[in-house]
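Subject: Structure handover

Hello,

Please find the structure below, with the sequence. My notes on it come after.

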Amino acid sequence: SSDLGRDRAAEEELRTLMREGADLDIAFHLARLLERQGRREEAREVLSELASDLDQADRDAEARQTRVQLTYLLARQQEWQQVVELTDRLLAGAVEATDLEVVLLRAEALSRLDRQSQALKTLSKVGDDLPDARLARAKEAELLLALGREREAAKRLDRIAADGEIRSLLL
């Protein structure tokens, strides 16, 4: 089919560009293309190899960004244990605003592995002072409800509502 031909041509072009220099956008496009074609293992390899290359070049921020993309890829493939392992590495230090998406991915993976208490512990590291902390509180409420801990879930939801009221007063 013509779609397959276009995809193959796009893949070759992206691979050529990758050989000329490790560019994140090119690698991410190539990984998405491979994933769309059902070539999941190859998509993972593209991102894993790029992250390693970036590590060796002391391009830490870009290596981290690549690993976050790899985490999303693994989550889409429901490879929950691998998501947990990769997020362990990504969350080695204190949780900062830039870590929120990784925390949420980790919590989702732990939840899918029926490890709700670990998911709650991960989410508790997100301080209320971080932007979008309400997303972590909402996930906590969801997990607490699933565990039958309604009163605690209600407290989390109250914190979200209070946060919203405070923000509206400040605007």
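Predicted model: local features only at pLDDT ≥ 70, side-chain atom pairs only at ≥ 80, totals over all residues.

Residues are numbered from 1 along each chain as its sequence is written, and side-chain values use heavy atoms, with hydrogens and water left out.

Confidence: the protein chain has an average pLDDT (the predictor's confidence in each residue, from 0 to 100) of 86, and 85% of the residues score at least 70.

Helix 2 (residues 24-36) packs against helix 3 (residues 40-56) at an angle of about 160 degrees, and their axes are 7 Å apart. Axes are lines fitted to C-alpha atoms over the stretch in contact, and angles run from 0 to 180 degrees between N-to-C directions. The angle makes helix 2 roughly antiparallel (over 145 degrees) to helix 3. On the helix 2 side the contact includes Phe28 and Glu35, and on the helix 3 side Arg40 and Glu42. By class, this contact has 11 nonpolar (Ala, Val, Leu, Ile, Met, Phe, Trp, Tyr, Cys and Pro), no polar (those in neither other class, Gly among them) and three charged residues (Asp, Glu, Lys and Arg).

Glu35: this residue of helix 2 is buried (under 20% relative accessible area, 1.4 Å probe, protein chains only), at 17%. Not counting residues up to four places away in sequence, Glu35 touches Ala43, Leu73, Arg76 and Gln77. Glu35 and Leu73 are 38 residues apart in sequence, with 8.3 Å from C-alpha to C-alpha.

Helices 6 and 8: the axes of helix 6 (residues 100-112) and helix 8 (residues 133-146) cross at roughly 10 degrees and come within 10 Å. The two helices are therefore roughly parallel (under 35 degrees) to each other. Among the residues in contact are Glu108 and Ser111 of helix 6 and Lys139 of helix 8. The contact divides into seven nonpolar, one polar and two charged residues.

Arg156: this residue is in helix 9 (residues 150-170) and is buried, with a relative accessible area of 18%. Leaving aside neighbours within four places in sequence, Arg156 contacts Arg137, Glu140, Ala141 and Leu144.

Regards

Definitions and conventions: Helix = DSSP H or I, 4+ residues; strand = E, 2+ residues; numbered from the N terminus. Parallel < 35°, antiparallel > 145°, perpendicular 65-115°, else oblique. Contact = heavy atoms within 4.5 Å. Buried < 20%, exposed > 50% of the residue type's maximum accessible area, 1.4 Å probe, protein only.
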